[in-house]
Every structure is written in structure tokens, then in C-alpha cells.
Amino acid sequence: MSYGCPVCNGLEELSFPCEQCRQALDDQGRLSDFYDPYSPYRPIDDIKQTNGYEDLSTHQCIHLGRCSHCHRSYTLAVQEQQL
């Protein structure tokens, strides 16, 4: 069975509020894309095995969200959907 992130695939927009000021967070992309210069080119499930999150077993995609109002950053778990 295959899963995919609805945000990465353009099916949904990231919709999380900032915990501090309640403004909508801006999606900065997958957190794993920021690990090193080659991480955007590695297989997603390969990175999920060593990133310290339980995202492989729970079928989640970890995104980085940033508040443009108060400049806080958050890691956000987006539930993947069956393809």
C-alpha cells in the first residue's frame, strides 16, 4: 500500500495556527529537505527511517511551518493519504 502527503502533492494547503499569535503558519516544505544539500533527492521512506520521528509507521509527513507575524517555527505532522 502506498501513501502520499496531500500538502506535498498540492491536494491541500497547510492549515495550522501559530501557538503564540494564532496566525496561519506558512508552509516551508518538508523538514527533511533541510537536513543536508542532498536530502531532497533521497527517497522519502529512507529518510523516515533515521529522522527520529515515528512518521514512517504512522504515515505522516513532517513539515516546517513558520509564522510570518511572530517569526516562530514549528514542526508539523501532516497525515498522509492512501494512494
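**Exercise 1.** Which residue in S4 is the bridge partner of His-63?

*Solution.* The model is predicted, so local features need pLDDT of at least 70 and side-chain atom pairs count only at pLDDT 80 or more, while totals for chains, interfaces and linings use all residues. Residues are numbered from 1 along each chain as its sequence is written, and side-chain values use heavy atoms, with hydrogens and water left out.

Step 1. Strands (E, at least two residues) and helices (H or I, at least four) are DSSP runs, numbered from the N terminus. Two strands pair if DSSP finds at least two bridges between them.

Step 2. S3 covers residues 60-66 and pairs with S4 in the antiparallel sense over 7 bridges. In S4, the partner of His-63 is Leu-76.

Step 3. In S3, His-63 is also the bridge partner of Arg-30. S2 and S3 pair in the antiparallel sense over 3 bridges.

**Exercise 2.** State the strand order of the open sheet and identify its edges.

*Solution.* Step 1. The order is S2-S3-S4, with antiparallel pairing.

Step 1. S2 and S4 each have a single partner strand, so one side of each lacks a neighbour in the sheet.

Step 2. From one strand to the next the twist averages 35°. Axes here are lines fitted to C-alpha atoms, for helices over the stretch in contact, and angles run from 0 to 180 degrees between N-to-C directions.

**Exercise 3.** Sort the side chains of S4 (residues 73-79) by face.

*Solution.* Step 1. Buried means under 20% relative accessible area, exposed over 50%, and partly exposed in between (1.4 Å probe, protein chains only).

Step 1. Tyr-74, Leu-76 and Val-78 point to one face and are buried.

**Exercise 4.** Locate the positive phi values of His-71 and Arg-22.

*Solution.* Step 1. S3 and S4 form a hairpin with 6 residues between them. His-71, in the turn, has a positive phi of about 65°, although His-71 is not a glycine.

Step 1. Arg-22 is not a glycine either, and its phi is positive at about 70°. Arg-22 lies in the loop between S1 (3-4) and S2 (26-30).

Step 2. Is Arg-22 buried or exposed? Arg-22 is exposed, with a relative accessible area of 56%.
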